[in-house]
Amino acid sequence: MPHHPHPVSAGLLRGAIAFWLLSLAPGLHARYVASAICPGDVLAVAVFEHPDLTSTAQVQEDGRIRLPLCNWVQAAGKTAGALAEELSAAYAKASIEKAFVTVQITAYGPRTVYVIGEVLEGGKSLEITPPAKLTVTQAVSAAGGFTDSADLRRVMVRREGADGAMEEIPVDVLAVISGARKAQDLALEVGDTVVIPRSLPVYVVGEVKTPGMFQVGTHSALRCSEVLGKAGGLTDTAERAQVQVFRRAEGTESTTLTVDMDAVYAGKFDADISIQPGDMVVAARRHKIYVLGEVKKPGALELEPGVSLTAVQAV
């Protein structure tokens, strides 16, 4: 007598398929690219010549969908094509003939990224609309653009890693918008947060009318004359030919630059250096000598830079 295989029960089928698909599920802390299936998506799952297995399902917050025979299946983080191939293989292993599966995303759930810090519309959430991508510079533009005090060299993207730990990915946006070689505009993933920090302040002290602290952004560098203008300009007693700029790069000793503002005011604009965030601009007082005793006008004499007097001239 010919041997006929025993029919497989629905329970065994469900168990076999669920076990197979479980082995294909991503880790607990899966992160999702916008082009992949994400929580909130609505999927149309069709099985060729098996209308009883064809269904529509919405992806849950944990990334799973519920399907006939399969019970709960991990879908988020996979492309529609990859999920279809996995389902086809799972149904075939469970002895379902002609198990050709197609998966389509019929409605997209939220694909949110966040932009905070030195942008004109800080704290804004943005949606990525597949199949389009969203980069860091595009996200900043959608948030109104940078403020005048933004530090474009230290932009950071915070992203949850596969182990659940938060990663920080640096992006030199100034290099990107300047067209520098090897500079890349990072494509954002679902849940990313773009952080634009405030640049370090510039301090202006000494012989200026309103000394203080001023913000200078990296995308709109100011010259020394412009920073002095923010401080009200030099006083009449300032040593204009020897304005000093103290600069310290991270991990290095400070350097001192000297700016001849007399030369700048005379039209030699190449002497007017750019001021960087974190610089300190010091305008010193002119040197004085004091003449006392039996003279008609005892007191202090201010010397112009490079000028020296004899005792007879001082008297």
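Accessible areas come from the Shrake-Rupley method with a 1.4 Å probe, and for residues only the protein chains shown count as cover. By that method, the protein chain exposes about 18,300 Å², and carbon and sulfur atoms supply 55% of it.

You are looking at a predicted model, where local features need pLDDT of at least 70, side-chain atom pairs count only at pLDDT 80 or more, and totals for chains, interfaces and linings use all residues. Residues are numbered from 1 along each chain as its sequence is written, and side-chain values use heavy atoms, with hydrogens and water left out.

Next, switch to a cartoon view. The protein chain has seven helices and 19 strands (DSSP runs numbered from the N terminus: H or I of at least four residues for helices, E of at least two for strands).

Now select Leu 43, Ile 65, Leu 67, Leu 83, Leu 87, Tyr 91 and Val 103. These have the most contacts inside the largest nonpolar core, which has 25 residues. Such a core is a set of buried (under 20% relative accessible area, 1.4 Å probe, protein chains only) Ala, Val, Leu, Ile, Met, Phe, Trp, Tyr and Cys residues joined through side-chain atoms within 4.5 Å. Strands S1 (42–47), S3 (64–67) and S5 (101–107) and helix H2 (80–93) each give two or more residues to this core; H2 gives the most, with five.

Then select Ala 34, Val 171, Val 173 and Leu 174: they are among the 21 residues of another core, which lies apart from that one.

For the last stop, pick Tyr 265, in helix H6 (residues 261–265). Leaving aside neighbours within four places in sequence, Tyr 265 is in contact (heavy atoms within 4.5 Å) with Leu 234 and Arg 240.

Key
Buried means under 20% relative accessible area, exposed over 50%, partly exposed in between (1.4 Å probe, protein chains only).
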